[in-house]
Amino acid sequence: MANNEILYQTIANAQWWRSSVIYQIYPRSFADGNGDGIGDLKGITEKLPYLADLGIDAIWCSPFFKSPQKDAGYDVSDYKDIDPLFGNLQDFDDLVSASKKLGIKVIVDLVPNHTSDQHELFQAALAAPEGSAERAMYIFRDGKGKNGELPPNNWPSVFGGNAWTRITNADGTAGQWYLHIFDSSQPDLDWTNPAVLEMFDGVLRFWLDRGAAGFRIDVAHGMIKRAGLPDIEVIDTTMGGATAKDEKDLTFAEIEAFNPYWGQPEVHPIIRRWRKVLEEYDDRLMAAEAWLGPLDRMANWVRPDEYHQAFNFGYLDCPWDKAELTAVINESLRAFGNVGAPSTWVLSNHDVVRHATRFAYEHATLPAQGDGIGPDFAQPDEAKGLRLARAASAFMLGLPGGAYIYQGEELGLPEHTTLGGAYRQDPTYARTQGKRVGRDGCRVPLPWVSKANESNGFSSTGESWLPQPSSFARYARDLQDGVAGSTLEVYKRVLKMRKQFNLGAGNFRWAPEFMDETTLAYINNGVLVLANFAGKSVVIPAGEILATTQTDLTIEGELEHDQTVWIKL
Ligand code: NOJ
């Protein structure tokens, strides 16, 4: 069990990203400024005052670049322009300047592992002959079998099916195969080609020059494929790779050999190169989406000259369980601390089932990351999920380091778990013939004004690219704003206290003197954060209550099960 030594200490004059709260915006689902049913940059700019009121430090916008939208914008056809669905470059500039006035930084999403198949480079590669410089931007290989009719190896696409697609030559004959770790519309770039490196230096500078505070890096542990493209032993379609579950018994080199397209050592020089580009500017950030386990291995990607921070997926995947939370927090603070990086804390994003729904299930019964929950899956106990989610978020937001919030979690939004197949747009659904329903359930447009129209005020017309579940009318922002005890007010309060007591850059220690077998407690900069995991209430320690998830304080002085409280000692 934890003792009370200080596990995390303030760094004097630390950079903003070491302690900031970053709010993830999924642009197509945040706010629709033009009534077409798809969120856009104007919509984000209009709603910035709400985000300032929430108390976040920065927004990270999922991709808004030119894209055929085969994977909701993670298939980029022009890295230096905005897709008309979302607006134009002027709208981006307006967003940056309006954000700046409110003290909010804007982080953009860089997608380096692959382009869209509609990118001019891929189109040129298709038109060019085998062995040409154009083809060398991507990973083309001859097929196996007598006539090259079999894919070059056995790698699966993360979204289901094969990771290779065979092209047809200009003369109608069958040609080479190209690699796509994701959808066939997302061909992987060849990052061993210097021309690819140079191209991305330009992309980084383009957005940094325009005022981006930095980048969230998509598939930040992808990019390099193991030489010889060896077959894999276990077919696994998660972004962590096949050994993710029993990796503790393996050396890092063994894990890398086992997962020939995730976390290869040759990615590090690429990161270092990018870091140098960022350091031409003042204080910018790279946050890595790198599904690497164990945490010690992930920490190797945030060494001082690499990414600044990485999403802590170990924490995201942790159930609401005292022992497991203790372990993952200890491991995170130790592993990231060893390399001088802040830990991050995150519970939801656009690729996982929302935590208000995850916590409604026994952890072991949840589908694999990316598979989603559909109408045929056991339906969640919504009240339980919400209760645990509130407790878990309030517990998380007191921790030192960088914290991430996914749009809508501040409203307690659940996953849309009954979305019909006809609406499903995640390529996973089509590529698996509906066997894996995919990630649309966490991407449903936000409810702003309850019953204002069909989309609860997401758009002025009621249009919405995905329908909301009927429950969203109950979660709309207007019903929660200023309402004591609402999830939104709990978030606002803990974010305010987090800032006031500088918890992001605090001094953290466990507080065994306030714990019994059913509670978990830590002290950060003099603030006690205590959560109760038991079926019974516990006495709240003396002190000023700064924030609590417990709305019903009928039994004064007692904290009910699955509630969190912040106390100024
Ligand atoms: C990770 C992104 O978060 C996800 O949404 C996307 O589908 C894949 N990378 C491919 O870009």
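Predicted model: local features only at pLDDT ≥ 70, side-chain atom pairs only at ≥ 80, totals over all residues.
# Cavities, ligand site and backbone features

The lining of the largest cavity comprises 6 nonpolar, 7 polar and 8 charged residues, and the space taken by the ligand is this largest cavity.

**The largest cavity**

- The largest cavity holds about 170 Å³ of space, and of the 21 residues that line this cavity, the closest to its centre are Phe159, Phe182, Met239, Asp351 and Arg439.
- Asp351, one of the residues closest to the centre of the largest cavity, also belongs to the residues closest to the ligand, in keeping with the ligand taking up the space of that cavity.

**The ligand and its shell**

- The ligand is surrounded by 13 residues, of which Asp71, Arg216, Asp218, His350 and Asp351 are the closest.
- By class, the shell around the ligand has 4 nonpolar, 2 polar and 7 charged residues.
- The side chain of Asp351 places an N or O atom 2.4 Å from an oxygen atom of the ligand, while a polar side-chain atom of Asp218 lies 2.7 Å from an oxygen atom of the ligand.
- For Arg439, the separation between an N or O atom of the side chain and an oxygen atom of the ligand is 2.9 Å, and the protein covers 100% of the 300 Å² of accessible area that the ligand has on its own.

**The second largest cavity**

- In total, 7 cavities of 30 Å³ or more are counted in the model, and the second largest cavity has a volume of about 60 Å³.
- The residues lining the second largest cavity are Arg354, His355, Ala356, Ala389, Arg390, Ser393, Glu409, Gly412, Leu413, Thr487 and Tyr491, and they divide into 4 nonpolar, 4 polar and 3 charged.
- At least two residues of the lining of the second largest cavity come from each of α11 (355–358), α12 (382–396) and α16 (487–500), with α12 giving the largest share, 3 residues.

**The second largest pocket**

- The second largest pocket has a volume of about 280 Å³, and of the 13 residues that line this pocket, Lys100, Lys105, Gly211, Ala212 and Ala213 are the closest to its centre.
- Both a helix and a strand contribute to the lining of the second largest pocket, since α3 (89–101) and β6 (105–110) each supply at least two residues.
- The lining of the second largest pocket is made up of 6 nonpolar, 2 polar and 5 charged residues.

**Backbone features**

- Most residues other than glycine have a negative phi, and most peptide bonds are trans.
- The peptide bond from Gly293 to Pro294, by contrast, is cis, with omega near -10 degrees, and Pro294 is found in the loop between β11 (285–288) and α8 (295–299).
- Lys451, although not a glycine, has a positive phi of about 60 degrees, and Lys451 lies in the loop between α13 (427–431) and α14 (472–475).

Conventions:
Residues numbered from 1 in each chain as written. Heavy atoms only, no water. Near = heavy atom within 4 Å. Polar contact = N/O pair within 3.5 Å; in protein donor to acceptor, adjacent residues only side chain to side chain. Areas by Shrake-Rupley, 256 points an atom, 1.4 Å probe, with all protein chains shown as cover. 1 Å grid on protein atoms, 1.4 Å probe; cavity = no way out; pocket = protein on both sides within 12 Å on 5 of 7 lines; lining within 4 Å. Sits in = over half its atoms within 2 Å of the grid points. Nonpolar A, V, L, I, M, F, W, Y, C, P; charged D, E, K, R; others polar. Points joined across faces, edges and corners; volume = space filled by probe spheres on them. Helix = DSSP H or I, 4+ residues; strand = E, 2+ residues; numbered from the N terminus.
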